[in-house]
Amino acid sequence: MSLAVARKPLRADAARNVDKIITAARQCFREFGPEVPLQTIAATAGVGPATLFRNFADKEELVLAALNRQLRLSVDPVMDGALADIDAAAGLLRVLEALMAAASDDANLLCAVAGRRELLTGITGSLMESISVLLVRGQGQGSLRTDISMTDVFRLLAMLIGVVDTMEPGSDAWRRPLALVEDAIRTVRPSRPLPVLVPVPAAAAGIPTGTIVGTQQVQ
């Protein structure tokens, strides 16, 4: 499946510039945060600001292109495997794991479009269609609850993505809430302990020093 953002075909040199800009954007957002200037991204890519703006009208467009690249590289192959798997529920959970790992890796990119998550619809539409296929298959196989809908799954996924705002970038703290979601959507609750609890960083929660968060005291 393809999550590619619609673009006119580019000349080879222009395509190379776009690739360099998107690669630099992911690097810069990880290193400098969501407020990184576009000029810094252009310099890191080794192109002039005019070249960047010729390909991306603004920061939002560049962010969406970078997120789209991440989904194509890290989630599409997992989805292809999930659709070919006999066990639809297991495939669906692998896709959700891949999505959360991608969201954690590029948390600052998501932060750059915070409050405007509707912008992500254009690059996740076909992904949600494939998730719907897995849901229906899993329900038919008896492994996923029949009383949940794609609206439920969409909202659960939105809740999971929101977890990224409560953890350090690159953390796997999302594994515990994902396990809780798995418990909720399967017909039979998995017999396994929950992943380890990772406390919410004080900076993410606005928690004063000395407060107990999870099992640790904020210093």
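The model is predicted: local features need pLDDT of at least 70, side-chain atom pairs count only at pLDDT 80 or more, and totals for chains, interfaces and linings use all residues. Residues are numbered from 1 along each chain as its sequence is written, and side-chain values use heavy atoms, with hydrogens and water left out.

Start with the core. The largest nonpolar core has 60 residues. Such a core is a set of buried Ala, Val, Leu, Ile, Met, Phe, Trp, Tyr and Cys residues joined through side-chain atoms within 4.5 Å. Buried means under 20% relative accessible area, exposed over 50%, and partly exposed in between (1.4 Å probe, protein chains only). Ile21, Ile41, Leu62, Val95, Leu99 and Ile131 touch the most other members. Helix α6 gives the largest share, ten residues. Helices here are DSSP runs of H or I, at least four residues, numbered from the N terminus.

Take Ile131 next. It sits in helix α8 (residues 121-141). Ile131 is buried, at a relative accessible area of 0%. Beyond its neighbours within four places in sequence, Ile131 contacts Met79, Leu92, Val95, Leu99, Met150 and Val153. Contact means heavy atoms within 4.5 Å.

Now look at how α6 packs. Its axis lies 8 Å from that of helix α5 (residues 76-84), at an angle of about 175 degrees. Axes are lines fitted to C-alpha atoms, for helices over the stretch in contact, and angles run from 0 to 180 degrees between N-to-C directions. The two helices are therefore roughly antiparallel, a term for angles over 145 degrees. Val78, Met79, Gly81 and Ala82 of α5 meet Gly91, Arg94, Val95 and Ala98 of α6. These residues divide into five nonpolar, two polar and one charged. Ala, Val, Leu, Ile, Met, Phe, Trp, Tyr, Cys and Pro count as nonpolar, Asp, Glu, Lys and Arg as charged, and the others, Gly among them, as polar.

Helix α6 (residues 88-105) also meets helix α10 (residues 175-185). Their axes come within 11 Å and cross at roughly 155 degrees. That makes α6 roughly antiparallel to α10. Leu92, Leu93, Leu96 and Glu97 in α6 face Arg175, Leu178, Glu182 and Ile185 in α10. Five are nonpolar, none polar and three charged.

Arg26 is found in helix α1 (residues 12-32). Arg26 is buried, with a relative accessible area of 15%.

How values were computed. Parallel < 35°, antiparallel > 145°, perpendicular 65-115°, else oblique.
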